[in-house]
Amino acid sequence: MRRKISFSYLKIVVLFAVLVVAVFFLCKGVQKMETGQQAESLKQLDSSIRKATMTCYATEGVYPPTIQYLKENYGIQIDESKFTVFYEVYGDNMMPEITVIERQ
């Protein structure tokens with residue numbers, strides 16, 4: 001009888017350990033997926049800003065003076081809680097320097 005009880009406890013302990021390991025790997029997978037999504041979002045934002053900048057130059061003949069101009073006239077949306085955009089203009093006919101970084 002005692003042997004049967006200890007075997008049941010062993011089953012419970014093993015099952016619990018397997019469950020803990022499974023939850024650990026699930027959490028790691030979710031974390032890795034989130035990191036990949038953030039990198040993709042950053043890449044898409046950078047690409048969108050560059051495309052809007054080139055569209056503005058093609059239609060208006062000058063590069064946009066500010067990032068705010070792109071927001072108002074070309075539909076650029078920036079989640080400023082997640083990303084910081086540096087937009088440096090050197091002249092009307094020179095491509096601005098565009099840097100998008102993720103906020104920490």
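Is E80 buried, exposed or partly exposed in relative accessibility, and what is its percentage? At 43% relative accessibility, E80 counts as partly exposed. Here is a short tour of this predicted model, from its overall layout down to its charge pairs.

**Fold and dimensions**
- The protein holds 2 helices and 2 strands, and read from the N terminus they come in the order α-α-β-β.
- Its radius of gyration is 26 Å, whereas the globule rule gives 13 Å for 104 residues, so the protein is more spread out than a compact globule.
- The C-alpha trace covers about 90 × 20 × 20 Å along the principal axes.

**Surface and contacts**
- Of the 104 residues, 17% count as buried.
- The accessible surface amounts to about 8300 Å², and carbon and sulfur atoms make up 61% of that area.

**Charges and salt bridges**
- You will find 12 positive and 11 negative side chains here, with the centres of the two sets 28 Å apart.
- Side chains of opposite charge can pair when their charged atoms come close.
- The protein has 2 salt bridges.
- One of them links R50 and D46, whose closest N and O atoms are 2.9 Å apart.
- R50 and D46 are separated by about one helical turn, because they sit 4 residues apart in helix α1 (residues 2–60).
- R50 is partly exposed, at a relative accessible area of 31%.
- E80 forms a salt bridge with K71, at 2.5 Å from N to O.
- K71 is partly exposed, with a relative accessible area of 23%, and E80 is partly exposed too, at 43%.

Terms used. Residues are numbered from 1 along each chain as its sequence is written. This is a predicted model: local features need pLDDT of at least 70, side-chain atom pairs count only at pLDDT 80 or more; totals for chains, interfaces and linings use all residues. Side-chain values use heavy atoms; hydrogens and water are left out. The radius of gyration is taken over C-alpha atoms; the globule rule is 2.2 Å times the number of residues to the power 0.38. Buried means under 20% relative accessible area, exposed over 50%, partly exposed in between (1.4 Å probe, protein chains only). Accessible areas come from the Shrake-Rupley method with a 1.4 Å probe; for residues, only the protein chains shown count as cover. Lys and Arg count as positive and Asp and Glu as negative; His and the chain ends are not counted. The place of a charge is taken as NZ of Lys, CZ of Arg, CG of Asp or CD of Glu. A salt bridge is a side-chain nitrogen of Lys or Arg within 4 Å of a carboxyl oxygen of Asp or Glu.
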